[in-house]
Amino acid sequence: MRILQVIPSADSFRVFLSELVEHLTGEGHEVLSVFNPVGGIADHPVHGPGRVMNVDFPRGGNLLRHLSAAKQLGRIVDEFEPDVVHAHFSAGILSAALARRNTQIECKWLGTYQGLQFPLANGIRRHLMRAVEA
């Protein structure tokens with residue numbers, strides 16, 4: 001099976017999602033992980049496990065940056081032709097949801113929240129995050 005992981009930050013990949021890739025590749029699956037390469041606790045390149053690519057995912061609610069990330073992600077989906085796209089965290093899920101609308105590839109799309117953001121937000125941001133996470 002071909003699996004595309006959408007992860008907003010390289011740190012999340014480094015800390016725990018790389019273990020998922022190790023397990024999946026050990027089971028014979030082909031895994032491509034895409035994430036934002038800059039920032040975080042360890043500002044150095046990640047080389048695996050599995051294949052990795054960089055996409056400038058926003059960590060906030062900047063719609064223009066999400067649209068830009070979604071466009072990049074859509075091209076990757078069309079080229080990689082995954083069986084499953086597995087997006088992580090609110091930011092990754094939003095970009096993936098936008099990318100899904102512009103791709104021709106038939107595959108399953110999953111989103112995993114590692115904690116909801118809307119309960120922690122206030123004002124209009126709370127309503128926006130609640131809508132996105134719903």
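## Salt bridges in a predicted model

Arg 2 counts as partly exposed, at 27% relative accessibility (buried is under 20% relative accessible area, exposed over 50%, and partly exposed in between, with a 1.4 Å probe and protein chains only). This is a predicted model, in which local features need pLDDT of at least 70 and side-chain atom pairs count only at pLDDT 80 or more, while totals for chains, interfaces and linings use all residues. Residues are numbered from 1 along each chain as its sequence is written, and side-chain values use heavy atoms, leaving out hydrogens and water. Searching the whole structure turns up three salt bridges (a side-chain nitrogen of Lys or Arg within 4 Å of a carboxyl oxygen of Asp or Glu).

**Around Glu 30**

- Glu 30 pairs with Arg 2 in a salt bridge, with 3.0 Å between the closest N and O atoms.
- Because Glu 30 sits in strand β2 (residues 30–36) and Arg 2 in strand β1 (residues 2–9), this pair ties together parts 28 residues apart in sequence; strands (E, at least two residues) are DSSP runs numbered from the N terminus.
- Glu 30 also meets Arg 51 in a salt bridge, at 3.7 Å from N to O.
- Arg 51 belongs to strand β3 (residues 51–54) and Glu 30 to strand β2, so here the linked parts are 21 residues apart in sequence.
- Glu 30 is partly exposed at 31% relative accessibility, and Arg 51 is partly exposed at 39%.

**Asp 56 and Arg 65**

- The side chains of Asp 56 and Arg 65 form a salt bridge, 2.9 Å from N to O.
- Asp 56 is partly exposed at 37% relative accessibility, as is Arg 65 at 35%.

**Network**

- Shared partners join the salt bridges of Arg 2, Glu 30 and Arg 51 into one network.

Note on methods
Helix = DSSP H or I, 4+ residues; strand = E, 2+ residues; numbered from the N terminus.
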